[in-house]
Amino acid sequence: MREHIKLPFYEGEFKRKKRGGGRIEPREDRQHFAELQISNLGMIKEDFNSDKQKFEQFFDPNLIFKIDLNQRVDEEGFIKFLERNKVKVISPSPEGKGYWILLAEDENLDEAKKRLKQYGETEKYKEFDAIKSFEPIPPEEKIGEQLKEKPLQEKEEAYLDVEIWRMEDERLEKFLEGENNKPGFIKFIEDKGGKVTDKLITENLCLLRVKINKAIFKEVLRLREISRIDRPPKPYITYQMLSIPYEKIEVGDPPPGNATAIAILDSGILSNHPLLEKAVADEIAVPLLYDNKIQEDKPQDDVGHGTKVAGIALFGDIKKCIEDKRFKHEIWILSAKVMFKEENLITGELEAKYEENELLEHQLEKTVRYLAKNYHNCKVVNISFGDNYKKMFGQKRQFALATLIDELAKELDIVFTISAGNLYPEPHDFPDRYPNYLIEENEKVKIIDPASSAYAITVGSITQEFGPLNRDPGDIFYSPALTNYPAPFTCVGPGYKGMIKPELVEEGGNIIYVSFDPRKTENIGGKLIVLNPKWIEDGKLFTVDYGTSFSAPKIAHYIARLFNQFPNYSTNLIKALLIASARIHSDRPSPLDKISFNDTDVNLMDLLKIYGYGKPNFESAVASDSNRVLLFAENRIKLDSVHLYYFYLPREFIETPGEKEISVVLVYNPPIRRNRIDYMGVSMEFHLFKNSDIQEIQRGYKTIQISEETEELIPDELKIKQIDLHPGVNIRKRAIHQKAIKVYSKRPDIDTDKPLVLSVISQGKWLKEKEYFQNYAVAVMIRHEATIEIYNRIREQIQQRVRIR
């Protein structure tokens with residue numbers, strides 16, 4: 001564990017010694033490369049001819065192979081280049097560089113060989129510079145993790161899931177069903193003694209459930225059309241996990257007296273649940289709260305929702321706790337019951353309702369003030385409910401409840417975590433149009449009140465590793481939302497006035513259906529393990545559920561633990577650390593997989609409005625590592641002023657091959673007003689500069705006037721020195737939680753003899769108080785994908801060169 005490093009604040013002149021630089025190695029000889037790849041294509045063709053003879057009585061095999069790209073390319077332009085080589089792209093790499101899957105329309109590969117030859121002899125076809133190699137797809141790469149762990153036995157006949165490369169419809173149908181007296185792949189399986197028990201084809205997928213033996217498996221594995229083959233998914237959750245007896249788990253002592261408390265505003269809790277009882281500091285029913293006094297009645301969770309939410313807030317990952325057989329209490333729980341059970345007189349179903357005689361806003365205001373006054377360790381409030389009739393879309397004003405939360409967060413200096421809200425996808429949207437219906441600008445998928453709160457950390461859902469229960473081994477329980485994909489039900493941003501919302505995502509479950517009957521969406525494999533509010537009646541400590549309601553308390557759990565770890569840090573810095581740790585997973589559904597952080601703001605917003613800044617990593621928020629360094633600072637700044645910070649990148653970071661990333665987070669807490677055009681009285685932004693002395697940056701800022709009319713607070717002469725962070729400043733400055741990233745796939749054009757300079761700027765809007773100081777926190781994350789030592793180099797440079805303030 002390595003402590004984060006304080007970011008140096010510039011106070012005066014600073015000089016640094018010169019050091020020698022490095023250089024980029026040139027590519028190998030073009031002619032040698034061309035000759036080698038022509039040879040590779042020849043071997044690919046030769047192997048294909050052999051398999052074609054074996055299978056051509058059933059179908060016409062497709063020549064599918066892969067290329068390895070050594071750099072990112074313009075996808076559309078590169079696809080057109082490949083098509084001129086008579087090659088189609090089936091699947092590009094999600095990262096741009098890396099392996100692309102191709103299908104040859106010219107089985108002899110004559111056009112590709114001809115152009116490669118010309119590339120080696122002339123200056124033509126420079127697109128080949130991006131290709132590292134042409135390669136076959138080894139059969140072992142198609143085997144899934146379960147089959148690797150448990151291979152088919154000689155006499156075993158097993159159900160397997162087979163994924164076919166998603167070729168165009170006509171070619172795919174010809175392969176599966178046959179044509180011109182060739183029966184096709186399905187008939188091939190059946191003639192060999194196997195069965196195809198189910199088939200699912202969508203816009204992006206082709207899946208088969210087959211029952212075959214090891215001999216058939218070996219033949220199928222050779223086919224180039226096969227993308228993946230594995231045993232059917234295992235349940236993510238098993239009933240044995242839900243039924244683990246209390247005696248089999250270790251339940252820790254109560255939290256320390258000064259541990260952080262999370263207030264759960266929900267349907268109450270069952271405080272006598274064996275896993276909750278040691279950590280409940282207080283529980284109140286909000287309508288019984290008058291003049292900061294509590295009535296004698298003890299509120300119970302008669303809805304069941306609050307107990308589930310509280311369990312995740314307390315323990316975080318309950319599944320992991322079960323696997324470890326250990327439940328540790330590090331956080332106090334404060335329960336405020338705002339929802340009550342009511343029977344629907346028409347349907348007879350039990351529903352949740354709010355107290356009718358009092359405004360919900362008033363109930364929330366009284367509750368939060370009471371808890372903050374009586375429990376000084378109450379630093380986090382979780383809200384996992386909202387109003388589905390109030391969606392943040394278009395030019396709507398900020399909602400009343402969201403505004404109240406912003407006021408309370410500012411005044412009481414506490415952190416709110418709020419679920420983004422759940423939507424219920426229409427049958428015509430899910431699964432076939434997933435995730436497109438989340439991307440389209442449609443009011444019904446937008447975040448709900450109070451998730452649009454500027455101060456709150458709004459939390460959306462991503463899917464966990466799932467394994468639906470196979471009630472019939474011949475069925476496919478399926479979801480297009482794979483692990484770490486957006487949950488099909490998560491509401492999306494952006495927030496009020498285009499703020500990036502949600503800021504973070506966490507696991508919230510999935511929707512899984514039976515492929516031949518999409519109406520059957522209830523399956524334990526798509527849900528999270530939560531505490532069972534009916535634990536006595538059911539005889540089980542745990543149950544399952546899904547929704548953004550259960551993503552938000554996971555973030556509250558992280559924030560509370562960060563306050564435990566750093567009790568003297570401000571709420572601004574605690575939030576900055578967690579946001580800095582967040583990353584968007586590289587494995588994403590199409591078309592989101594084609595968007596990177598170096599994309600345009602227009603494209604990037606499609607990613608950010610679903611994932612926010614990604615899923616946080618608690619360990620990264622707490623500590624740095626050898627190849628991942630976090631620099632931080634807390635400060636306060638006058639209106640219309642500039643602060644400068646600086647640091648040096650080590651030469652190893654620049655010269656070592658591999659993906660490099662620099663990200664900056666800014667969090668601040670301005671006054672807000674709902675009746676102003678500018679909701680926030682102060683606007684803040686940041687910029688990062690390279691290849692310049694800090695005095696040059698300082699002189700540049702003296703030449704500009706910081707005023708309301710200024711769109712981008714950066715001197716013209718410094719724009720050429722600015723690092724192009726994404727999203728751009730005009731997107732990120734809409735919010736009080738800001739993050740921007742620069743990803744380098746090649747060597748950065750950064751002079752390590754000069755510092756990187758971070759400017760932090762405040763701009764008064766409707767707030768004009770001359771003596772007002774705006775509090776803020778910044779965090780800079782420097783990450784290299786290679787396992788190299790940059791932490792000590794950065795720390796040493798700071799220790800050698802910083803004059804302590």
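Is phenylalanine 58 buried or exposed, and what is its relative accessible area?

Guide: Phenylalanine 58 is buried, with a relative accessible area of 9%, where buried means under 20%, exposed over 50% and partly exposed in between, for a 1.4 Å probe and protein chains only. This is a predicted model, in which local features need pLDDT of at least 70 and side-chain atom pairs pLDDT 80 or more, while totals for chains, interfaces and linings use all residues. Residues are numbered from 1 along each chain as its sequence is written, and side-chain values use heavy atoms, with hydrogens and water left out.

Phenylalanine 58 lies in the loop that runs between H1 and S2; helices (H or I, at least four residues) and strands (E, at least two) are DSSP runs numbered from the N terminus. Setting aside residues up to four places away in sequence, phenylalanine 58 touches Lys182, Pro183, Gly184, Lys187, Phe188 and Asp191, contact being heavy atoms within 4.5 Å. Isoleucine 189 is 131 residues away from phenylalanine 58 along the chain, yet their C-alpha atoms are separated by 9.9 Å.

Helix H1, which spans residues 30-55, has 26 residues and covers 37 Å from its first C-alpha to its last, close to the expected 38 Å, the expectation being 1.5 Å times one less than the number of residues.

Elsewhere, helix H9 (residues 305-315) and helix H15 (residues 552-565) have axes that come within 7 Å and cross at roughly 30°, the axes being lines fitted to C-alpha atoms over the stretch in contact and the angles running from 0 to 180 degrees between N-to-C directions. That angle makes H9 roughly parallel to H15, since angles under 35 degrees count as roughly parallel, over 145 as roughly antiparallel, 65 to 115 as roughly perpendicular and the rest as oblique. The H9 side of this contact consists of Val309, Ile312, Ala313, Leu314 and Phe315, and the H15 side of Pro553, Lys554 and His557. H15 also packs with helix H16 (residues 571-581), at about 125° and with the axes 10 Å apart, which makes H15 oblique to H16.
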